[in-house]
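Please keep the sequence and the three-dimensional view at hand while reading.

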Amino acid sequence: MMITFNFEVHQPHRLNKEIKASENLFDRYVDKKLNKEIFNRVAEKCYIPTNELILELIDDYDFKVNYSISGVFIEQAIEFNEYVLDLFKDLVDTGNVELIAETYHHSLTSLYEDEEEFINDIEMHRELYKDIFNYRAKVFRNTELIYNNRIAKIAKDLGFEAIFTEGIERILGWRSPNYLYVSPDNMKVLLRNYRLSDDIGFRFSARDWDQYPLTADKYAIWLAATPGEVINIYIDYETFGEHHWKESGIFEFLRYLPYEISKYEHLEVANVSEVLEKLEPKGEIFVHEFSTISWADTERDVSAWLGNRMQIISFEKLKEIGKMIKENKDKLGNKYYEIYKMYKILETSDNFYYQCTKGLSDMDVHNYFSHFNTPFDAYACYLNILYDFEYYIKQLLNKENNLLIA
């Protein structure tokens, strides 16, 4: 049985709650002070200690992990804490760490009717991996594991060997997520084992969980007893030290996990590329666009971002602005790149996630990540920025038209 440990590393550019009086669009719309504060807090609690620990585990146990790191995270690491980025570089240099590609801006562009924005976001991320890590990823994971047949085909056409998504019963039926599959276009599909992943990601600190406390030896027993050929564990990297604080024992769990796994001869911790080399697909995964899946919330669909009227209005308005920007690229002149960059930042999925109005435990997770008091505040802020951004662009275009007439 092969086991892959995969970590999503992402921090969004959080937006200002009130628009600033600045001609610089980034300063006008992005809360740089808050982003720096949060990034460095999480760096001290999670990124630095976890990266240092995994470097030790690689030395001691030949441990292997896989990271998907968003472009907006890397931007903030460069600006706010280069030591974090240096540690990721050190991890990649060990040869035991594989990078998984994703969208640069952790965006919802895969849900656009036009494929251009999605492809652009992927290619931007590819170039960033090349520039920062001198690395070309073989495997792709879409934002929040959003997946359908169309997305798999686009990734295959871009040259990726495999794509990750959620291993849910809705697409598997009686089958197990613990095998390699293919899409209708013969793209290899790796499936996240959400139960074993969420045991760490969500339930580790839950004192009312009947399996609390989760220890490394107990978890290794579960892995060893799981049937199949590959178990893909995929969690947010902030699980370590941020979502579950140091006091919870999460670092001790990670520290002793490789040792406990090594007790079982049939378990092998691997990189995702090794899975592709050693395993053959066991069947086809078919996901129509109308049944798009993700790893978010109870429904595991796209309702976390597009499940209410506020989110849909925001999404449609953003696409409308994007169309205007591209149609007027030449007229915007030197300002185009600044405007387009801001547009890409506004595409980040977190902006829509904050506007979710679901109830019960799903809403608790949304509230945890949001810097707004309510989803309605998030919606008002985002729409205010969109309309201000649109007005700013139209003013520039009017000036350009007046100059041409004169």
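In which helix is the place of Asn 149? Asn 149 belongs to helix 6, which covers residues 149–157; helices here are DSSP runs of H or I with at least four residues, strands are runs of E with at least two, and both are numbered from the N terminus. The model is a predicted one, in which local features need pLDDT of at least 70 and side-chain atom pairs count only at pLDDT 80 or more, while totals for chains, interfaces and linings use all residues. Residues are numbered from 1 along each chain as its sequence is written, and side-chain values use heavy atoms, with hydrogens and water left out.

Asn 149 has a relative accessible area of 13% and is therefore buried; the term buried means under 20% relative accessible area, exposed means over 50%, and partly exposed lies in between, for a 1.4 Å probe and protein chains only. Neighbours within four places in sequence left aside, Asn 149 is in contact with Pro 184, Asp 185, Ile 285, Phe 286, Val 287 and His 288, where contact means heavy atoms within 4.5 Å.

The next topic is a pair of helices. Two packed helices are described by the angle between their axes and the distance between the axes. Helix 2 (residues 32–61) packs against helix 3 (residues 71–80) at an angle of about 90°, and their axes are 10 Å apart. That angle makes helix 2 roughly perpendicular to helix 3. Axes are lines fitted to C-alpha atoms, for helices over the stretch in contact, and angles run from 0 to 180 degrees between N-to-C directions; under 35 degrees counts as roughly parallel, over 145 as roughly antiparallel, 65 to 115 as roughly perpendicular and the rest as oblique. From helix 2, Lys 32, Asn 35, Lys 36, Phe 39, Asn 40 and Tyr 47 take part, and they meet Phe 73, Gln 76, Ala 77, Glu 79 and Phe 80 of helix 3. Five of the residues in this contact are nonpolar, three are polar and three are charged. In this division Ala, Val, Leu, Ile, Met, Phe, Trp, Tyr, Cys and Pro count as nonpolar, Asp, Glu, Lys and Arg as charged, and the others, Gly among them, as polar.

A search of the whole structure finds 32 aromatic pairs; rings of Phe, Tyr and Trp (its six-membered ring) pair if their centres lie within 6.5 Å, with planes under 30 degrees apart counted as stacked, over 60 as edge-to-face and the rest as tilted. Phe 39 and Phe 73 form a tilted pair, 5.1 Å centre to centre with 45° between the planes. Because Phe 39 lies in helix 2 and Phe 73 in helix 3, the pair ties together parts that are 34 residues apart in sequence. Phe 39 is buried at a relative accessible area of 1%, and Phe 73 is buried at 0%. Another pair, Tyr 67 and Tyr 237, is edge-to-face, 5.1 Å centre to centre and 85° between the planes. Tyr 67 lies in strand 2 (residues 65–69) and Tyr 237 in the loop between strand 8 and helix 10 (250–261), so this pair ties together parts that are 170 residues apart in sequence. Both tyrosines, Tyr 67 and Tyr 237, are buried. Ring pairs link Phe 7, Phe 39, Tyr 47, Tyr 67, Phe 73, Phe 80, Phe 88, Tyr 237 and Phe 240 into a cluster.

Strand 8 (residues 230–236) has six of its seven residues buried, so it is largely enclosed by the rest of the structure. Strand 1 (residues 2–9) runs parallel to strand 8 and is joined to it by seven bridges; strands pair if DSSP finds at least two bridges between them. Glu 8 has Asp 236 of strand 8 as its bridge partner. Helix 8 (residues 194–201) is mostly covered, with seven of its eight residues buried. Its cover includes strand 5 (162–166), helix 7 (169–172), strand 7 (188–192), helix 9 (216–225), strand 8 and helix 10.

Some backbone details complete the tour. The peptide bond from Tyr 212 to Pro 213 is cis, with omega near 0°, and Pro 213 is found in the loop between helix 8 and helix 9. Asn 134 is not a glycine, yet it has a positive phi of about 50°; at 68% relative accessibility, Asn 134 is exposed. Arg 300 has a positive phi near 50° and is buried at 13% relative accessibility.
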